[in-house]
2 protein chains.
Amino acid sequence: MKERGSLDLVQSSLARGQASLSEHDSARILEEFGVPVGRHALASDPESASAVAAGLGFPVALKGSGAGLAHKSDIGAVVLGLRSTAEVEAAAERLLSIEGCDALLVQEMVAGDREFVCGMVRDHQFGPCVMFGVGGTLTEALGDAVFGVAPLSDADAAGMVQGIRSRKLLGPFRGQAAVDTAALVRILVALGEIAMSYPEVAQIDVNPLKIRGDGAPVAVDALVVLGQDRPGEPTPALGDGPGGVAARLSAGSGTGLAPLFEPASVAVIGASSVAGKPGNEVIRNIQANGYPGRVYPVNPRGGELLGLTVYESLAALPETPDLAIIIVPAEHCPGVLQECADKGIKHAVILAGGFAEVDETGAGVQAQLVRIARENGIQVVGPNTGGHISTPNSFTSAFFPLGRVRPGRVSYVAQTGNFCTHTMRYILTAEHFGVARVVGLGNAIDVDESEMLEYLASDDATESVVMYLESFKRPRRFLELAREVTRIKPVVLLKSGSSEAGRHAAVAHTAALAAEDRVVDGMLRQAGVVRIWDYTHLILAGKALSMTRLPRGNRISMLAPSGAMLVVLSDLASRLGLELPEVEESTLRRLQELSPPYIRMRNPVDIWAATLARGVEAGYREGMRAMLDDPNIDAVVPILLLTEETGMPSTDFIVELAQEYPDKPILVAFTGDKRRIDEYREDLETRGVSTFPEIEQPLEVLAILSKCRRAMERPL
Amino acid sequence: MKERGSLDLVQSSLARGQASLSEHDSARILEEFGVPVGRHALASDPESASAVAAGLGFPVALKGSGAGLAHKSDIGAVVLGLRSTAEVEAAAERLLSIEGCDALLVQEMVAGDREFVCGMVRDHQFGPCVMFGVGGTLTEALGDAVFGVAPLSDADAAGMVQGIRSRKLLGPFRGQAAVDTAALVRILVALGEIAMSYPEVAQIDVNPLKIRGDGAPVAVDALVVLGQDRPGEPTPALGDGPGGVAARLSAGSGTGLAPLFEPASVAVIGASSVAGKPGNEVIRNIQANGYPGRVYPVNPRGGELLGLTVYESLAALPETPDLAIIIVPAEHCPGVLQECADKGIKHAVILAGGFAEVDETGAGVQAQLVRIARENGIQVVGPNTGGHISTPNSFTSAFFPLGRVRPGRVSYVAQTGNFCTHTMRYILTAEHFGVARVVGLGNAIDVDESEMLEYLASDDATESVVMYLESFKRPRRFLELAREVTRIKPVVLLKSGSSEAGRHAAVAHTAALAAEDRVVDGMLRQAGVVRIWDYTHLILAGKALSMTRLPRGNRISMLAPSGAMLVVLSDLASRLGLELPEVEESTLRRLQELSPPYIRMRNPVDIWAATLARGVEAGYREGMRAMLDDPNIDAVVPILLLTEETGMPSTDFIVELAQEYPDKPILVAFTGDKRRIDEYREDLETRGVSTFPEIEQPLEVLAILSKCRRAMERPL
């Protein structure tokens, strides 16, 4: 924290009951933190004003100053572009005659056409946040602004600067130099420092932040609003407090989640002998996955089910199991959780719904669960969840009939109950990739997205993380963690509730309040988390992350038997931020050798004529190989032509190319005969090459992968 | 055309060699056409300037005026916000001392925070175009501008006004009234009128067009650039000129394309007895479709093929066929086309590639084709095309083995050779809808997109039109036609080449130059053509247009077994411009009766609990029925849960609902077991209900359909 050199100024303003600092004092506090401010001075009468103006150099702006003077522009208390002492004195005379005007602020007229805006707000979720955007009177209407959570690193601030839609404004502009972005970065970082140093400052608005002709940014108008500090993590998650997640983590003892995913023994409370009942299916799932640990079904009726002895109570178990799966109705859950505590169990998954997501009664029951969990130090997943999956340990608490889950390298964290149900079923039946850990957070009364992310970060079985979240339980903690994790593992996130309509549905679905989307967006950029927007991409990105390495960059090549497809896909690539670079002369020669001269070969590659001349397989194989050899290309997308008449290629050549060039992802799509396509896809995917039903999808997924790479390699 | 009241002013300025009108004269010509301009007057000395200022009322702006005075702001020749005679005189004194300043322009300071920009340019493709956008110094950097082709109807102009991204600026703003959009519309229409009346005016720039506090727009700065007229359709398409399309159409004789799609007899020049050769496959395709007309294979070798007598020459045919399919190499095409002419044939499809799309030699051969076609009045499709299809007449000229093509109600026009090849094969094997007419325009030396659209407009077999274009052969003609056609039939268009990358590929692919995308976008809005961006949507939109009616509006309901999916899809709906309205109380009661109380039913509908309580089929059926009965809902999207364990619903109930509510489209997507989904999809689609592999796609397609409806019902 910087020294609070302007503390007197802030405190005396507060003492006077001011809601904000005067324009002059606002400038002082900004200058103290190194924010360049336009030259200015106070004057008390026309003569001294004109002397000040002559000192600053014409032209100048003259503003009335005084505690009671608001909306200066509207009442004519601002005159711009004065260029002589006579003009200044005439204007000063009139300004001083305005009621409430007791001094004059003489300001340099900053020349330059570009106006930005920056500032600081204290967000209810993320605490102090710095803002940067396109300024002037249209600021709010344009809405071209980005946020970052303070304190900002230089890299955070640089990411914000490049994050505005109108980043074209940063380059040379109407004869003026490119913006000094390093200076912009220092300003944004400084705003964050002010926020951290002065909890008394509630908001800062610098509008406009003008850009001089030489590219230097300078604060022209600044407003520093005073008010109560709003803490960084103001809404404590249920997992916080003594015995909660936050306390555990700060104790440095790790997440302690291992027994959840790697239990040596498990009790299933609410086990049922009736097939189709969740209390039965959960045990079938455990058995189908070949779980080698000890399973203890618990049901007051006792007896036997699925070859296992049923215990009449937890107390009757021969040992204290690592994990309890609680699958009884909501109202019975607190009692069962207490029995778990009494037995000494430290980890539990509560599957039932009917808690805070439903009504006040449910919220009350949920509060009981929180109390019991904390008092007894139990780590709880759920309630209101479809359970979790841990393929490295052949284990699951899912109650939806899934059978054996394919092991893989990607892990999923989802703030929804359906992930381990029909979405996982879809993945298992429609796709060919597997998963490592999967957890449905449900109402997340204890284990939350941050704790899960921390666990997965150090989980050797997890190579990448795909998340679905509707809100953040501990927003700042998530940012802190994610910004570290994303440097070692890709983290892809679908954060829903970005629209008014979406928020509406979010309230219906969970007890959570969605965050202001623009702040979330900024936080995720800082965190290096790659944001996605489609549910389908949760699955397709997971597949690609499972089957390929990340590309080195965003430079792709495409091959298709249709110029039209290539034109449309080139447009899409451009929208997605992917490049279709020129390739080496030698690559062009190799391509041209494949093709009759009436197609001029380039990137993207119209492969049609080459397939006629060389056959489909040779055309694609040699075309792809030329591109894979080219140093300008990071990934290759063939749109394979598959019909009997044009000749069916083998799948071998693509599998071989994928093995030969492991650092350059090959993502495959198709055109032609759907029946042949389906067979070919199945074959390729089971051999580890990712394929996509729509021709746009390989590009959409490559855009995600290349952002993961960029996040991983971003400056500290 | 309006009277040219300012002709003297324009002509004398031109005579003086001025590149543009003076600011004062520019204001005069705008005022003549009813564009409100800020009050202003010229003055020659400080005293008269201050008198004028007093007359206008303070504050005023003072500007130097003079033929040699450029970049007024930069040289200090603009002073703003002068509020007293003393200030005006002091400023005037200084301005007059600037070299080249021989007069003073005194202007009212228009109060108001909103700045727009409007103007007129003459586009190389579309001729005079009016522009409207967000103004001020950032205009170009923001790029928030829309175009319309002049002359503009009021509805065109209104569409432009609502077309800017920052349309929020049109509402009440910082205490100022909503913009008087009717006045904005009059201004844009007036700019178009100036363009039509004064070919001497090359460009108009009104920047800023300020909005007064009461919402009235007023031109503050205006620049009228003089220069040569650039004609509206400056690059004549090859089909233009005597004997070309334009001449035929202007003769009012209709498109004359009927024999192309409904030939009673056809010659196939270049017929081959070798299976797999295009000259063989085209005849197989004709036969597979059950063509009832007379087919004459032509090949110098004579003989017989596929049961048909082969003629050694066109001259030897027993009659003059309605249509010639020419399937010989490029260099032989001119000779064959001349033989067609000699035989009296009036319609031809030229399939070969190797023309202007390849090199200069090809372009020369293509020019010969144009000459022969024109001299002999032959209507030509192609060259460089995969042919065409006409299912109502069981006919095709496609040479790619397609077999029988399913008849349907949607017609495709594609500026690419591949549409009747592997894309059509994909449609035939992956989808279950059929087509009416399909044509690959290829190089379009004669029959072009406008002529096709005109034919399809009056074609009873065509209910909707889906197009893929990379450029427009006759841009203004297309606009004229499309704006009529879209009122009676939906027209959906994928216009590629929108990005730099796309244009690059477009040049490689066709001989056409892509249009400036923003102008194209404005033209399509005026035309009522619904623009799409994905190749996949060419197919999915065609399917939906085939299988459902258009929804009445954009108000949808969704039902899914997952709140998470609903939240994500609600976000998507919002991005797509679809509404998820509140529904009637009675509808909510019906929904709630289906579900346990722990889910609060609303739109969108979380149907999970209802399926547990009632079964999957009853849950969805009654939920969908409640929404279909609701007057606030225009279309329904069920995300059907399909797994053995949750119970497989019949397809009957959806087919029945679709029949019972024909005016409310039902677009179906799925979650659960992919194998069950594939079976169910096949079953539903063959029974006429459209289904989609990804859960996002029904919304994407409904957005297209509801735009089609809006285009159809847009004001004249």
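Reply: A salt bridge is taken here as a side-chain nitrogen of Lys or Arg within 4 Å of a carboxyl oxygen of Asp or Glu, and the model to which this is applied is a predicted one. By that criterion the side chains of B:Arg425 and A:Glu645 meet in a salt bridge, with 2.9 Å from N to O. A second pair is formed by A:Arg575 and B:Asp534, whose side chains meet at 3.7 Å, N to O. Because A:Arg575 lies in helix 19 (residues 563–576) of chain A, while B:Asp534 lies in the loop between strand 24 (530–532) and helix 18 (535–547) of chain B, this pair joins two chains. Between chain A and chain B the count is eight salt bridges, and over all chains the structure holds 68.

The contact itself takes 90 residues from chain A and 90 residues from chain B, and the two chains bury about 7,300 Å² between them, 60% of it on carbon and sulfur atoms.

Within chain A, helix 14 (residues 449–457) and helix 15 (residues 475–485) pack at an angle of about 20°, their axes being 9 Å apart; the two helices of chain A are therefore roughly parallel to each other, and their crossing is left-handed. Helix 14 of chain A contributes A:Glu449, A:Ser450, A:Leu453, A:Glu454 and A:Ala457 to the contact, and helix 15 of chain A contributes A:Arg477, A:Phe478, A:Leu481, A:Ala482 and A:Val485. The residues of this helix contact divide into six nonpolar, one polar and three charged.

Definitions and conventions:
Residues are numbered from 1 along each chain as its sequence is written. Chains are lettered from A and ligands numbered from 1 in the order in which they are written. This is a predicted model: local features need pLDDT of at least 70, side-chain atom pairs count only at pLDDT 80 or more; totals for chains, interfaces and linings use all residues. Side-chain values use heavy atoms; hydrogens and water are left out. Axes are lines fitted to C-alpha atoms, for helices over the stretch in contact, and angles run from 0 to 180 degrees between N-to-C directions. Helices (H or I, at least four residues) and strands (E, at least two) are DSSP runs, numbered from the N terminus. Angles under 35 degrees count as roughly parallel, over 145 as roughly antiparallel, 65 to 115 as roughly perpendicular and the rest as oblique. A crossing is left-handed if the near helix is turned anticlockwise from the far one by less than a right angle, and right-handed if clockwise. Contact means heavy atoms within 4.5 Å. Ala, Val, Leu, Ile, Met, Phe, Trp, Tyr, Cys and Pro count as nonpolar, Asp, Glu, Lys and Arg as charged, and the others, Gly among them, as polar. Buried area is the accessible area (1.4 Å probe) that two parts lose on being put together, summed over both.
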